[in-house]
Amino acid sequence: MLRKIDSFEQYKTEYKTSVENPEKFWEEKAEQFEWHRKWANVVSCNFNEAETRWFENGKLNITENALDRHLTTQANKPAIIWEPNNPSDQHKTFTYKEVHSEVCKIANGLRNLGVKKGDRVCLYMPMVPELAFATLACARIGAIHSVVFAGFSAKALADRINDCSCKIILTADGAFRGSKTIELKKIVDTALNHCEVVERTVVLNRCGIPVQLKEGRDLWWEQIFDNQSAEFTAESMDSEDPLFILYTSGSTGKPKGVQHSSGGYMVYAEYSFRNVFQYEEDDIYWCTADIGWITGHSYIIYGPLLAGATTVMFEGVPTFPNAGRFWEICEKHKINLFYTAPTAIRALQAYSTDFVNRHNLSSLKVLGSVGEPINEEAWHWYHKNIGKEKCPIVDTWWQTETGGILISPLAGITPLKPGYASLPLPGIQPVIVDSLGNELTENEVEGNLCIKRPWPSMLRSTWGDHERCKSTYFKTYPGMYFTGDGCNRDINGYYRITGRVDDVINVSGHRFGTAEIENAINEHPDVIESAVIGFPHDIKGQGIYAFVITQPGETGSNDLFSKEIIEKVVEFIGPIAKPDKIQFVSGLPKTRSGKIMRRILRKLAKGNHHDLGDTSTLLDPNVIDSIKLGILIEA
Ligand code: WTA
């Protein structure tokens, strides 16, 4: 068990060292892992070219560090506890030895299918243990995994498969999610009508749904993986070899494949997990995210397993069969460290606290929050009802691109301030800049959040388009990584993240680009143009509000029309991106150069019809009155 920071004083010392001598600092952390060959150079970096390399020339395999390394000391310790969607079904526990065997079997099966180092493998799966095993199996072979959240549509899946040319897709017949069953294989079949690159589909039987197996392409999971050897010599990877691609949304219509490395990601995922949650041996840790998002990658799979922890995976949703499900699981598995999203807390807060109080939550020691700003009301509810005022809440700020938590309290060490992600982890140098790019060095300032120096788990590129990586993250403020978030710093240097300052909206902790949703809406033949913005939503954090201009003479019912528009979004992105409100308008507020003034739409969406700020640059100021008259349909 590696040493943790154990006092606020020590945090300050460690932070100082990390800034004064980052190479020495990170080298010491990296030395705690097993490498086939030591690195020649700790870090080299050129932010202008978006080029960063950590532990250059080092060779390793992350799965040896997450699994094999623990076999001598704790082969029989539970590594993964899986809790199924339906509480009356049996949970499953897999020891480190068992996970190791399962991973090796899948790695052997994949190799037999021709998967090699550097190949891309797409995983479109329910939250079952096989998803974790398969993710690690890719890493063991050196194949690059691209996990696509199983709530994305066939079209969105096809785009992601094609963008990085996955030749294999791992999926299941279906997924249980609360009271629903989602037919995943059918979605894959539709997607594959548009993906010539895919050679093989391997299908897990999770739900017993009859599926069509396409001759020569589709195979059953057990047929390929079950009879394989439980040993597989891990591929020796260069520290900078890509470990995975994960698609996320940005300002433009096309999601980008954020690319992470092997060595740096490993070091940071483990270090941040151990220190933020103050993980102690034998703690049972549960992160409620889905592996389809970065939180699941870094803090269900890699961080906890690298630290030798027991990590819980949950297939279901917080409110099925009732709003006590999370707390029932906490009691059942005696969870010590619990990590969830504000949107889940707000959803559960709406129910009676009886759902909480009928469970014994005395095992809990640390609570975590991730994915969006946590409002003070939710923070206090969580602190009081779940943590019984004795568990610190770690409000962890980070992004798909950052690979790991960058700003967060260390549990029980950093003094808490509700609503504040607080202080940077050692090695992380946040900077607040004004709109002109000037660094604001004082406290009590507000601006855009950037990060000054490289950290080991930062993104290395956007798949197939390095220019895009440069221009999105490193051009806005030269010499710095730009996060896209707004932020303020209080008198004590504490950071509060206020939300996105770009055209990204965060709905229930899921990121969407407004352009991405607009593109889907514009696919409807009767839509001329649309503008999508986020508006404050009590549970989701942000809801999706679409202003839509339709063909003149379009006389159908608005209700029907809005349903068709929603269907387009479901078809192109998935049900997770359904607009909450659609307003039919005859024009949009545009500047003379044709740019939509979203600031005005955001105010109108909040019901603020008077204080719209400066509208003098509008091409047609009368458009505002016509928008106000537009018919609003609430989904
Ligand atoms: C937001 C999720 C406030 C932020 C790990 C960021 C947060 C985006 C927090 C990244 C937090 C994440 N407080 N905002 N603690 N954590 N965010 O890529 O806007 O899905 O840019 O990564 O979520 O979302 P992503």
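1. D163, K254, P255, K256, G257, T462, W463, D465 and R468 line the second largest cavity (a set of points on a 1 Å grid over the protein atoms alone where a 1.4 Å probe fits but cannot get out; lining residues have an atom within 4 Å of a point). About 50 Å³ of space lies in there, a volume being the space filled by probe spheres set on the points. By class, this lining splits into 2 nonpolar, 2 polar and 5 charged residues (Asp, Glu, Lys and Arg count as charged; Ala, Val, Leu, Ile, Met, Phe, Trp, Tyr, Cys and Pro as nonpolar; the others, Gly among them, as polar).

2. Keep in mind that this is a predicted model, where local features need pLDDT of at least 70, side-chain atom pairs count only at pLDDT 80 or more, and totals for chains, interfaces and linings use all residues. Numbering starts from 1 along each chain as its sequence is written, and side-chain values use heavy atoms, with hydrogens and water left out.

3. The largest cavity holds about 60 Å³ of space. Around it sit S18, P22, W26, V43, W54, G427, Q429, R453 and P454, that is, 5 nonpolar, 3 polar and 1 charged residues. Searching the whole structure gives 4 cavities of 30 Å³ or more.

4. Now the helices (DSSP runs of H or I, at least four residues, numbered from the N terminus). α5 (residues 129-141) packs on α10 (residues 294-306) at about 65 degrees, axes 11 Å apart (axes are lines fitted to C-alpha atoms over the stretch in contact, and angles run from 0 to 180 degrees between N-to-C directions). The two are therefore roughly perpendicular (65 to 115 degrees). Touching residues (heavy atoms within 4.5 Å) are A132, T135, L136 and A139 of α5 with I301, Y302 and L305 of α10; 6 are nonpolar, 1 is polar and none is charged.

Note on methods: On a 1 Å grid over the protein atoms alone, a cavity is a set of points where a 1.4 Å probe fits but cannot get out, and a pocket is an open set with protein on both sides within 12 Å along at least five of seven lines; lining residues have an atom within 4 Å of a point. Angles under 35 degrees count as roughly parallel, over 145 as roughly antiparallel, 65 to 115 as roughly perpendicular and the rest as oblique.
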